Amino acid sequence: MKIFYTILAYLLVIIISYLIGSISFSKLISSHYGVDISKVGSGNAGGTNVGRNVSKKAGILTMFLDMMKCFIAALTTFLIFNYLIAYMDIVNYDQFFEVICFIAALSCSIGHIYPIFSHFKGGKAVACLAGYTLFISPIMFLLGLIIFFTLFKVFRKVSICSILGSFFCFLLSLIPMILDFTVIKDKNIFNGGTYFAQSCMIHLTYITAISYFVFFIIIVIKHRSNIKRLINGEEPVTVFKK
């Protein structure tokens with residue numbers, strides 16, 4: 001019964017997270033301004049397209065709400081499994097919460113990309129990666145923002161900032177894992193390293209690195225057309241509508 005309850009709990013998390021991700025704030029916000037976001041610009045249901053074709057304010061609001069979808073999905077999953085572990089007999093193991101939060105974030109991102117409420121035509125999951133990062137590590141979230149806006153100041157193109165930013169987040173996710181391994185290998189090296197790393201990053205294992213690599217691959221795949229335009233020098237500079 002323990003395995004059965006655990007499988008049911010996982011399915012519940014996947015379904016709830018997918019449905020949360022399927023809420024298309026880009027379409028809701030753009031429709032408020034009388035715009036069908038799927039028929040203007042790139043047709044992508046994301047914050048960048050909303051910012052280009054509706055307004056800068058609407059675009060930023062869309063990005064923020066899309067980010068919070070993934071944050072709420074991960075937080076809800078964390079709270080659900082805390083309750084289940086305390087009051088029900090389910091399977092628990094090392095890196096348990098790290099795994100389920102990644103599953104929730106991934107399910108939410110799939111819902112964002114293929115939303116059931118919007119004919120399975122959604123965004124590119126960049127904001128979802130930001131929400132996931134905000135939940136697992138506020139420090140990494142701040143570093144990610146700095147990297148993103150620095151790249152944007154240089155290139156002025158959201159697509160290349162999203163691709164490179166997700167890759168740099170993957171590289172950053174390796175740091176706490178390496179630090180934690182160093183402390184485990186020799187506790188005399190990097191005195192206090194475990195406490196410092198845990199205060200900066202909630203999750204310190206290879207699971208986080210894998211999750212960021214998966215997100216990087218998803219973002220690259222969803223930006224295939226942008227990559228072709230970048231190679232051909234045809235990718236336009238991102239300018240939000242005033």
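Start with helices α5 and α6: α5 passes α6 in a right-handed crossing. Keep in mind that this model is predicted.

To see the crossing, select residues 96-113 for α5 and residues 126-136 for α6. The two axes come within 10 Å and cross at roughly 160 degrees. Angles over 145 degrees count as roughly antiparallel, so α5 is roughly antiparallel to α6.

Next, show the side chains where the two helices touch. On α5, select Cys101, Phe102, Ala105, Cys108, Ser109 and His112. On α6, select Cys128, Tyr132 and Phe135. What kinds of residue make up the contact of α5 with α6: nonpolar, polar or charged? The contact has 7 nonpolar residues, 2 polar ones and no charged ones.

Stay with Phe135, which is one of the α6 residues in that contact. Phe135 also belongs to a cluster linked by ring pairs.

For one example, select Phe167 and Phe216. Their ring centres are 5.3 Å apart and their planes stand at 55 degrees, so the pair is tilted. Where in the chain do Phe167 and Phe216 sit? Phe167 is in helix α8 (residues 158-185) and Phe216 is in helix α10 (residues 206-222). The pair links distant parts of the chain, 49 residues apart.

Phe167 is partly exposed, with a relative accessible area of 32%. Phe216 is buried, with a relative accessible area of 15%.

Note on methods:
Residues are numbered from 1 along each chain as its sequence is written. This is a predicted model: local features need pLDDT of at least 70, side-chain atom pairs count only at pLDDT 80 or more; totals for chains, interfaces and linings use all residues. Side-chain values use heavy atoms; hydrogens and water are left out. Axes are lines fitted to C-alpha atoms, for helices over the stretch in contact, and angles run from 0 to 180 degrees between N-to-C directions. Helices (H or I, at least four residues) and strands (E, at least two) are DSSP runs, numbered from the N terminus. Angles under 35 degrees count as roughly parallel, over 145 as roughly antiparallel, 65 to 115 as roughly perpendicular and the rest as oblique. A crossing is left-handed if the near helix is turned anticlockwise from the far one by less than a right angle, and right-handed if clockwise. Contact means heavy atoms within 4.5 Å. Ala, Val, Leu, Ile, Met, Phe, Trp, Tyr, Cys and Pro count as nonpolar, Asp, Glu, Lys and Arg as charged, and the others, Gly among them, as polar. Rings of Phe, Tyr and Trp (its six-membered ring) pair if their centres lie within 6.5 Å; planes under 30 degrees apart count as stacked, over 60 as edge-to-face and the rest as tilted. Buried means under 20% relative accessible area, exposed over 50%, partly exposed in between (1.4 Å probe, protein chains only).
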